[in-house]
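Q: How do the terms applied to this model follow from their definitions? Please set each value against its cut-off.

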Amino acid sequence: MTTSLAPSGDLAPSYQLLAALLTVLGIVLLALELKRSRGSRLLAFATGSLASIGLLCAVLRPVAIQSKGSLVGPRVVVLADASRSIDLPGPAGKTRREEAVRALGELQKHGAEVRLYGLAFGKGAPTPLTAALANGAAEGTQSGPENRLGQALLAARPMPRSDLAGAIESVARAADERPAAIVVLSDGRFDRPGEAQAGEAIRAALGTLTVPVHAVSLATEAPRDASVRAVRAAGAAVAHQPLTLRVEIGCAGGLDCDEVPVSLRELRESGEPTLLASGKANASSGSATLELEVTLDRAGARILEVSIDAPDGDVVPDNDTRYVTIDVARDRVRVLHVAGRPTYDVRALRMWLKADASVDVVAFFILRTPTDDVVAPSEELALIPFPVDELFSEHLPSFDAVVLQDFNAAPYGLAKHLRSLARYVDKGGGLIMVGGPDAFVPGNYAGTPLAEVLPVELDRGPDAQGVDVASFVPRTTEAGRAAPVLGPLRDLIGEEWPEMPGANVVGDARPGATVLLEHPTRRTPKGGPMPILALGEHGSGRTIALAIDGSHRLLFSAFAANAAGRAHGAFWDALLGWLMRDPRFEPAVVELADGCIAGEDTTLTLRPLPGQKGDAKITIRKLGTGEEARTLSAKLDGKGEPLSLDAGKLQPGGYSATVEIVPSDAGAPSDGAASAQRGPTTRRDFACERGGDEWADTRPDPERLAAIAAATGGKSVTVDQIGSLPLPAATQIAAERRVSPLLPPWAWTLGAAMLVGAHWIVRRRGGLS
Amino acid sequence: MRARVTSVLLVVVALLLVALVPRPSRAFGEEGAFNPRILLTGTARWEGARTTGPARWSEELTRRTSAPARLTPTTVRADAPALLAEPFAIWGGEDDVPALTDREVLGIRRFLALGGVLFVDDFAPESGAFGKAARRELARVLPDGAPIPIGTENVLFRSFYLLRRAVGRVEGEPKLEAILRGGVPQVIFAKHDVLGALARAANGTHPFVVVPNGEPQREQAARLAVNIAMFVLCSNYKDDQVHAPFLMRRRAAEPSP
């Protein structure tokens, strides 16, 4: 409660001022008059002055004001860095996060009169720090009233970015109470603003909000660390073409980085990573950029491991190895087309391959067998030797896909290359085996290494039947109805196929394979319908088995004429597209919006195609070992909306996520044909690393913080100097007010009259008029 | 009477059983075999000494190459849906032919639109009546296509054998003519009576004398037939870059004609 005096509210302030001025003027005139006179001037002046004041009081009639109120602190927004980099080493053996907690405690002590509002910033709009506590994310943390913000920061999940500019924009545009100041707690290593003109960028982010941005550095000294700071590709990655990768090596904290060995390896489906390039970087000046040239033969997402052999004393070994996903595009798809003999089926496929400008086809057809009588010397023949050894050893990696059409492996020397052909698939190559009298079992593939990569089993018994000569119409399976790979064909001809003059006899689909077409009557040894068209994954590559030699009837037949012969192109375009992982033919898309950080929760986003109903099964396997890391599942409702799936915490390294979509109307297997129930699959390779980009450069950047503070009128301090931060003062806010007159008006008038009278008497006695 | 009913029933049952047996209409692998079908138009019939020519064509193809072929080739009418069953047909004749009906024009047009190859063989190049008539009628089928001469630079002359010229029963002009589509021949015109050179009677004799060079010319005619078949089966395979250095060396080693 406070009490104060004030004039009565009857007179306007201007009149009150006029009255006061007249009173002062009267006293001044009295003093001048008395100065020229003689006699008791002092008494006259005293009574005159009192009379003037009395008259003023009679005019103003003072009142007493009693009021109740409180001090309200201004709102100060604290933006605490919650990016992954705050888990890096800070001063005195603590992490930067622990230093930030201490800073919040110091702020709460120093800013006792202000209202601190804590926000965690990283990626996107900042989130209230208290939300982390509310979510219970801080297991075992104390959330008492003291340093509650600090406890919340301890609980905050590290974010993959550090976007201070975005956070400040969000604060400035918020509709709630505008802050009187902003305090940033960070190590200064931001994604935004960048190193250059950081202050200007923050001022622009503030917009019309003119408040100081104070900065508190959580670290000022760089830890002893050598790291792979960045890996950048000079241009787009195109299969079979050299690509230069610029590897930036960082060195800080006084480590000896004169010769840092750098190696670049590609992760494989199985086995050890393959060394692509290596070199040595001289990062003694703090950083070095090494250019390494690599040639990636396989298109699609390729995961490269870039690692350094850090010098002794490196305190952050996690950033010595980085994983980079390179999306390798194709200039043109290089296809090796090998046919055992020329037929209309070979003709149709060749014509399609040659007609597609995006396909670069190298073809070898066996036009003459050793028993053929050509009736001409070799110089009169336009025949060249089949360079089987050269093709399947030296040139094989240069092809994106190999088509073996009705080709017998035995007589032409291919048999001895089947192992390398299987390895080619394992490393990411595509393979299509097309049927005919010399394909599959009659082609001597059963029991070979190549048979292991095919999506169907082959009977290797001595009495194995090679072909079934009975005509039939292939039947589309449930998976075939759902698979986008048959979508373009379905659009042209529906699900009806032309009659086929027999088929190669193949066994059951291998685990993981997808059967799209099946024989209507013939059964496999396990009792299921015999696959006619099966797709499979093996290692990093894909394979297709087409157990018929009549797909040319989609191009040339009375049946084909209904679709103007376009069905053949639609069919093969999709098969080759699927083989090359064309997104148009994938049954779903798997993404990692926030990437994958080892040891932290990873979220996969599954985007199914609209109309897909059923179950999605996602299997995550570790590259190299093939070990199954996670199995996830989700229900697809046909709306095509993305689904978030929690993959949990993964270890560092490369992974493949294979998605199998089983249509809901597939029904239960009625004849033991488990393979036919398998749905279309897609796959996404990704890598998990510790820390990610946020840990790539461990140096704090207090200079950037200082620039931000200077540009906005704030102050940049360390945690120990928080007490010197000029936080805004609190404001008194009144809650209750009571006004009461000191005396009644007649008393003021009477008093003034008596004082004027007394002064008149004194003047008369002093001889004044 | 009872025995007769039983017999009829047995026949019906036998027919049903036959119908239920899966039809090996063509053996697996023969579906894509080369079939030198004879295209018939109007009221034309396939008869005469050249009827053995297509079978001989197939026989020479299978004997000399790895390509499969139908040893009993068929005929097909220009207005029949069966024309679209396979991508090759031979249209031959000696005399002028009546104008194609609209259905025949449509049939051949659809055949060519799907990518079929038509070989037009003039059995009487001395008169050239059939050749002129065929060109006239095919101009109605393909109004935008005009035949142009093709020689050794064309893939047809190196699809299996390295040929220096075209020959048949008569030596004729060294070049063929063709209407090209996408740079490759689609309608091939020969003024050499190739089927006449290929024809062979059951007793192994040749019904037509090959002039002027006799049997060596007949061999060259057979090679041309093989090349045409290989072109039909492999398209422009021998135009691939990988064959170029080999073929250039061999061409360079050939004596000048």
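A: Two strands pair if DSSP finds at least two bridges between them, and the strands (E, at least two residues) and helices (H or I, at least four) are DSSP runs numbered from the N terminus. The model is predicted, so local features need pLDDT of at least 70 and side-chain atom pairs count only at pLDDT 80 or more, while totals for chains, interfaces and linings use all residues. Residues are numbered from 1 along each chain as its sequence is written, with chains lettered from A and ligands numbered from 1 in the order in which they are written.

Q: What makes strand 8 and strand 9 of chain A a pair?
A: Strand 8 of chain A and strand 9 (residues 242-252) of chain A are joined by 8 bridges and run antiparallel, which meets the requirement of at least two. In strand 9, Ala252(A) is the residue opposite Asp225(A), and Cys251(A) is the bridge partner of Ala226(A).

Q: Why are strand 8 and strand 12 of chain A said to stand at the edges of their sheet?
A: The open sheet has 3 strands in the order 8-9-12 (chain A), paired antiparallel. Strand 8 (225-233) and strand 12 (287-295) of chain A each have a single partner strand, so one side of each has no neighbour in the sheet. From one strand to the next, the twist averages 25 degrees. Strand 9 and strand 12 of chain A are linked over 9 bridges in the antiparallel sense, with Thr289(A) in strand 12 as the partner of Glu248(A).

Q: Why is Ala376(A) called partly exposed?
A: Ala376(A) has 16 C-beta neighbours inside 10 Å. A residue is buried if 20 or more other C-beta atoms lie within 10 Å of its own and exposed if 12 or fewer, with C-beta atoms placed from the backbone; partly exposed is the range in between. The count for Ala376(A) therefore makes the residue partly exposed. Ala376(A) is found in the loop between strand 16 and helix 9 (388-394) of chain A. Leaving out residues up to four places away in sequence, Ala376(A) touches Leu381(A) and Tyr161(B), where contact means C-beta atoms within 7 Å.

Q: How do you know that strand 18 of chain A is mostly covered?
A: In strand 18 (residues 430-434) of chain A, 5 of its 5 residues are buried. Gly430(A), Ile432(A) and Val434(A) point one way, while Leu431(A) and Met433(A) point the other way. Strand 17 (residues 401-405) of chain A runs parallel to strand 18 and is joined to strand 18 by 5 bridges, among them the one between Ala401(A) and Gly430(A). Strand 18 also pairs with strand 24 (residues 541-546) of chain A in the parallel sense over 5 bridges, and Ile432(A) stands opposite Ile544(A) there.

Q: Why is helix 2 of chain A called roughly antiparallel to helix 17 of chain A?
A: Helix 2 (residues 41-60) and helix 17 (residues 745-765) of chain A pack at about 160 degrees, with axes 8 Å apart. This angle makes the two helices roughly antiparallel: angles under 35 degrees count as roughly parallel, over 145 as roughly antiparallel, 65 to 115 as roughly perpendicular and the rest as oblique. The residues of helix 2 that meet helix 17 include Leu43(A), Gly54(A) and Ala58(A), and those on the side of helix 17 include Trp748(A), Leu755(A) and Arg763(A).

Q: Which element of chain A gives the largest share of the side that touches chain B?
A: Contacts link 44 residues of chain A with 45 residues of chain B. Helix 8 (344-355), strand 16 (359-365) and helix 14 (558-561) of chain A each supply at least two residues of the side of chain A that touches chain B. Helix 8 of chain A has the largest share, 6 residues.

How values were computed:
Axes are lines fitted to C-alpha atoms, for helices over the stretch in contact, and angles run from 0 to 180 degrees between N-to-C directions. Two residues are in contact if their C-beta atoms, placed from the backbone, lie within 7 Å.
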